[in-house]
Amino acid sequence: MSTPAGGSVVWIEIDTADVTAVKDFYCSLFGWSFPAMPTPDGGTYHLIQPAGAPFPTGGIIESGSGEREGIVLSAVSMDVAGDAARLGGLGATVVVPPSKAADGGDYARLTDPRGNLFAIWTPPGPPPGVDPAQLDASAFAPKPGSLGWFEIGTRDLDATRTFYAQGLGWSYEPDPGVPGETYDGVRAGTAQPSGGLRELGQAKGVADYAMPLFLTEDVPATADRAVALGARVDDAPTVTAYGLTFARLTDPRGNRFGLFAPPKG
């Protein structure tokens, strides 16, 4: 397995003041486990390991009380320092300057011009003891509970398109299958769309956001289970014109996430 292409969104980080609550919710919902990794500052980085997946899909960072809670999308960069400087020139703000991540890769955090927090990251390679050459292609297909899509909702679709096209090399194609929405599929370092841009319009009180969507076999049942665990459904399960089912939710800590299931058959 080669390193993912630059611009690919392949990782998430959950910032939280209550690691136990986050673990309890997502373990109950998706069956995630959380291998611990020591950080350079003496803390602990909690990896997010979906059941049956060869690699983690993200990590949990413990933040101080009153600090930001959120889920951060991370895109691959082959030159974190150079890309951070270039993104700054396009209107991003560097929040965490280029440094070493807990896993040894290079890393930086920024906010885009619309205020969404995101990260750029150079993966250090597979975890110890995992040889990608020994895994067949099916091992890398997203497993239930894995990051399988991302979405950025924006009140300024043109500006968001331009920023990420210039900053991360993304390209777009219209997706007419989402009922009642202007939606672009995003090719983020991939031949086929792996994420989407959603136009929010100018409705009062609607804010830009960026969120992951996790694969599930049954969106309505998983959404119901999430609600029973304390989540809120923001957009009820919806089926696109081509048979994909999705829903948008907010977890008990106030973080947006989504669910999706590909078309059957």
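Residue G258 is found in strand β16 (residues 256-261); helices (H or I, at least four residues) and strands (E, at least two) are DSSP runs numbered from the N terminus. The model described here is predicted, so local features need pLDDT of at least 70 and side-chain atom pairs count only at pLDDT 80 or more, while totals for chains, interfaces and linings use all residues. Residues are numbered from 1 along each chain as its sequence is written, and side-chain values use heavy atoms, with hydrogens and water left out.

G258 counts as buried because its relative accessibility is 0%. P35, found in the loop between α1 (19-30) and β2, is partly exposed, with a relative accessible area of 36%. Buried means under 20% relative accessible area, exposed over 50%, and partly exposed in between (1.4 Å probe, protein chains only). Contact means heavy atoms within 4.5 Å. Leaving aside neighbours within four places in sequence, G258 is in contact with M211, P212, L213, F214, A247 and R248; with the corresponding neighbours left aside, P35 is in contact with Y45, H46, L47 and Q49.

The table gives C-alpha separations for two pairs of residues.

| Pair | Separation along the chain | C-alpha distance |
|---|---|---|
| G258 and A223 | 35 residues | 9.2 Å |
| P35 and I48 | 13 residues | 7.2 Å |

Eight strands form an open sheet of mixed pairing, in the order β2-β3-β4-β1-β5-β8-β7-β6. Two strands pair if DSSP finds at least two bridges between them. Because β2 (36-38) and β6 (93-100) stand at the edges with a single partner strand each, one side of each is left without a neighbour in the sheet. Within the sheet, β1 (residues 9-16) and β4 (residues 58-62) run parallel and are joined by five bridges. I14 stands opposite I60 in β4.

The second largest pocket is lined by 22 residues, of which T39, D41, Y45, I61 and Y107 lie nearest its centre. A pocket is an open set of points on a 1 Å grid over the protein atoms alone, where a 1.4 Å probe fits, with protein on both sides within 12 Å along at least five of seven lines; lining residues have an atom within 4 Å of a point. β6 gives the most to the lining of this pocket, with four residues, and β1, β3 (44-48), β4, β6 and β7 each supply at least two.
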